[in-house]
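Visitor: Could you walk me through this model, one question at a time?
Guide: Gladly; here it is.

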Amino acid sequence: MQVKNIALASLFAVVLSGNAFAAQPASGEGPLFLNEASGVSTLTREAVRQQAIATPPATDGYNAFAVDTSVHSDVTRAEVRASTQDALAHGFRVKSGEFA
C-alpha cells in the first residue's frame with residue numbers, strides 16, 4: 001500500500017511539474033529590451049502616414065530581395081493578354097494537372 005502511494009505521489013509530482021514549466025516563457029519570448037526609455041510619440045497619425053508614403057520599404061511584401069525597378073518590359077498587359085488569347089484560340093493548351 002505504501003509503495004503504491006509513493007508511486008502515485010511521484011507520478012502526480014512529475015505531471016504537475018510539467019505544468020509549472022509550461023507556464024514559463026519559451027526561449028526568445030522573454031523581455032529582451034528592459035532598459036529602453038518609453039515615451040509618447042508627438043507625431044500625428046497623418047504625419048506618420050505621410051512619412052510612410054514618402055519612404056516606402058526597400059523590399060516587396062513577398063521576399064527579402066529589393067525590387068529591381070530598372071527592368072521595364074516593352075510589352076503592355078493588353079498585348080500579353082491578346083497573344084495568350086490568340087495562342088489558346090489556335091489550340092495551345094497549358095500543361096497542368098496530373099497529366100503534365
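Visitor: Which residues make the nonpolar surface patch of about 490 Å²?
Guide: This is a predicted model, where local features need pLDDT of at least 70, side-chain atom pairs count only at pLDDT 80 or more, and totals for chains, interfaces and linings use all residues. Residues are numbered from 1 along each chain as its sequence is written, and side-chain values use heavy atoms, with hydrogens and water left out. A patch takes residues with over 30% relative accessible area and no salt bridge, joining like charges within 9 Å and nonpolar side chains (Val, Leu, Ile, Met, Phe, Trp, Tyr) within 5 Å. The members here are L8, L11, F12, V15 and L16.

Visitor: Is V15 buried or partly exposed?
Guide: V15 lies in helix α1, residues 2-22; helices are DSSP runs of H or I, at least four residues, numbered from the N terminus. Buried means under 20% relative accessible area, exposed over 50%, and partly exposed in between, with a 1.4 Å probe and protein chains only. With a relative accessible area of 46%, V15 is partly exposed.

Visitor: Which residue forms a salt bridge with R49?
Guide: A salt bridge needs a side-chain nitrogen of Lys or Arg within 4 Å of a carboxyl oxygen of Asp or Glu, and the count comes to one. The two partners sit three residues apart in helix α2 (residues 45-54), so about one helical turn separates them. With its closest N and O atoms 2.8 Å apart, the pair joins R49 to E46.

Terms used. Accessible areas come from the Shrake-Rupley method with a 1.4 Å probe; for residues, only the protein chains shown count as cover. Helices (H or I, at least four residues) and strands (E, at least two) are DSSP runs, numbered from the N terminus.
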